[in-house]
Amino acid sequence: MRRLLVIGNWKLNGNKSTITNLIIRLVEECANISKCNMAVAPPVMYLDLVMRYLINSNIWLCAQNVDIHISGAFTGDVSAVMLQDLNTRYVLIGHSERRIHHKENDAYIAKKFFILKKIGLIPILCIGENKREYDAGHTQSVCLNQIQSVIRLLGVEAFKDSVIAYEPIWAIGSGMSASPESVQIIHELIRNYIANYNVSIANEVLIQYGGSVTPENVTQFFNQKDIDGVLVGSASLNADSFSIIVRAAENHEKSYYA
Ligand code: PGA
């Protein structure tokens, strides 16, 4: 059964002091959470620091990125084995900020997916259309192409025990989230697309929504049947707002069938 998954993506924010304060607060606030899964994605520099606070906690560690290589002459990169060494469970791949600022394309992202599965980490494949594609009515084809590139390289089995995060680019950091109903349509489309290949993988794969999720709007997303969690940026940098979002997941009826 699917279980709600809430992830805080801290992006390129914080320092040793603010990150320490944030993680200490979150561990306290979330100590009683048991019905949903949660994780935080600190900047890579602070993964080790955060990991130390997460030992014996119910919050998982998520990385924001990974290289396609395991080791060798790849200056500045971080491998899946290194992330695993730090008890990382989830890894974001294909986030629109990496697609845009680092020119990562679908074929390259599919290689990251491959390496994560090989090492045994859980990929969170971020997909979503930009404003121009949205305005042109291309949302569905953009999202399905991004899914298809993984299926082409790895087969649909790669989505077993994996996560997809649908994040319309225009909704990220804009304060203008997509409507829960429109997100449901895309999530259902993705699930049906995967079901064409394998029904049980489609039923199990987690599909999160991301893009200006707040404590105020999060429950409306959980109310949609194919929204299995949220990927939270700005609101995850504040312990109070992130814990409200986590508690909304914990108290949602969906959590009970997990
Ligand atoms: P946001 O970011 O919540 O600040 O819109 C979401 C994301 O980029 O994952």
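## A closed barrel and its helices

S96 has 8% relative accessibility and therefore counts as buried (under 20% relative accessible area; exposed is over 50% and partly exposed lies in between, with a 1.4 Å probe and protein chains only). The model is predicted, so local features need pLDDT of at least 70 and side-chain atom pairs count only at pLDDT 80 or more, while totals for chains, interfaces and linings use all residues. Residues are numbered from 1 along each chain as its sequence is written, and side-chain values use heavy atoms, with hydrogens and water left out.

S96 belongs to helix 4, where helices (H or I, at least four residues) and strands (E, at least two) are DSSP runs numbered from the N terminus. Leaving aside residues up to four places away in sequence, S96 is in contact with I169 and I172, contact being heavy atoms within 4.5 Å.

Eight strands, in the order 1-2-3-4-5-6-7-8, close into a barrel with parallel pairing; two strands pair if DSSP finds at least two bridges between them. On average, neighbouring strands of this sheet are turned by 25° against each other, direction ignored (axes are lines fitted to C-alpha atoms, for helices over the stretch in contact, and angles run from 0 to 180 degrees between N-to-C directions). Strand 3 (residues 59-63) and strand 4 (residues 88-93) run parallel and are joined by three bridges, and L61 stands opposite T88 in strand 4. Helix 2 (residues 47-54) packs on the sheet, where it touches strand 2 (37-41) and strand 3, and its direction makes about 165° with that of strand 3. Helix 8 (residues 180-195) also packs on the sheet, touching strand 5 (122-127), strand 6 (163-166) and strand 7 (206-210), with a direction about 150° from that of strand 7.

Helix 5 (residues 106-119) has 14 residues and should span 20 Å at 1.5 Å a residue, which agrees with the 20 Å between its end C-alpha atoms; the expected span is 1.5 Å times one less than the number of residues. Its buried residues are I109, A110, K112, F113, I115, L116 and I119, and what covers them includes helix 3 (80-85), strand 4, helix 4 (96-101), strand 5 and helix 7 (139-154). Just after helix 5, G120 takes a positive phi of about 95°.

Helix 7 can be read in the same manner. Its 16 residues should span 22 Å, and the end C-alpha atoms are 23 Å apart, which agrees. Buried in helix 7 are T139, V142, C143, L144, Q146, I147, Q148, S149, V150 and I151, with a cover that includes helix 4, helix 5, strand 5, helix 6 (131-135), strand 6 and helix 8. G155, which follows helix 7, has a positive phi near 85°.

I147 is also one of the residues with the most contacts inside the largest nonpolar core, of 72 residues, together with F159 and I194; such a core is a set of buried Ala, Val, Leu, Ile, Met, Phe, Trp, Tyr and Cys residues joined through side-chain atoms within 4.5 Å. Not counting residues up to four places away in sequence, I147 touches L125, I127, F159, I164, I190, Y193 and I194. Another core, of 14 residues, lies apart from it and has A39, A41, I124 and C126 among its members.

The cysteines complete the picture. A search of the whole structure finds zero disulfides (pairs of cysteine sulfur atoms within 2.5 Å), and for C36 the nearest cysteine sulfur, that of C30, is 8.0 Å away. C36 counts as buried because its relative accessibility is 4%. C62, at 0% relative accessibility, is likewise buried, and its sulfur is 8.5 Å from the closest cysteine sulfur, in C126, which is too far for a bond.
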